[in-house]
Amino acid sequence: MIFFIILLLFFTLTDILYMKIPNIVMIPALIIGCIFTGNWLWMLSFALIGALLVNRNYWCGGDAKLLALIAVFLGGWASMVGLGAISLIWAYRRVKQTYKQPLPVAPWLALSAFVTIGISRVLAMALKLAP
């Protein structure tokens, strides 16, 4: 999990500074994640969702790959991350009224991933306490 959090922070930083998510780090991270977690089906399904968002000009390719990476490490919980990020971006743009200028998506995906990790931990603890 620490590897995943470091990756999220790295991709957030590069997206904010350069508006890019480097493939030289992303592709090995996807491969390593698939090997260690076995969530390749989740990765493929969320890569497809990300590709649809890229096709509609909502996101760029790196953002779609980042969503796939999140799916590798979080599995089905990635659906919450995707919905959370889209909701946060929509809310931010509504408040700031910035629809024309590009917006880095990685920070919103990372924030949603961190919240999802927290929610999953709380639910896991609650289920352990439940009779």
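Reply: Buried means under 20% relative accessible area, exposed over 50%, and partly exposed in between, with a 1.4 Å probe and protein chains only. In this predicted model, local features need pLDDT of at least 70 and side-chain atom pairs count only at pLDDT 80 or more, while totals for chains, interfaces and linings use all residues. Residues are numbered from 1 along each chain as its sequence is written, and side-chain values use heavy atoms, leaving out hydrogens and water. Of the 131 residues in the protein chain, 40% are buried.

Me: How many helices and strands does the secondary structure of the protein chain have?

Reply: Helices (H or I, at least four residues) and strands (E, at least two) are DSSP runs, numbered from the N terminus. The protein chain has 6 helices and 0 strands.

Me: Which residues form the aromatic cluster?

Reply: A pair of aromatic rings is described by the distance of the centres and the angle of the planes. Rings of Phe, Tyr and Trp (its six-membered ring) pair if their centres lie within 6.5 Å; planes under 30 degrees apart count as stacked, over 60 as edge-to-face and the rest as tilted. The structure holds 4 aromatic pairs, and one cluster is formed by Phe-3, Phe-4 and Phe-73.

Me: Is Leu-123 buried, partly exposed or exposed, and why?

Reply: Leu-123 lies in helix 6. Leu-123 counts as partly exposed because its relative accessibility is 41%.
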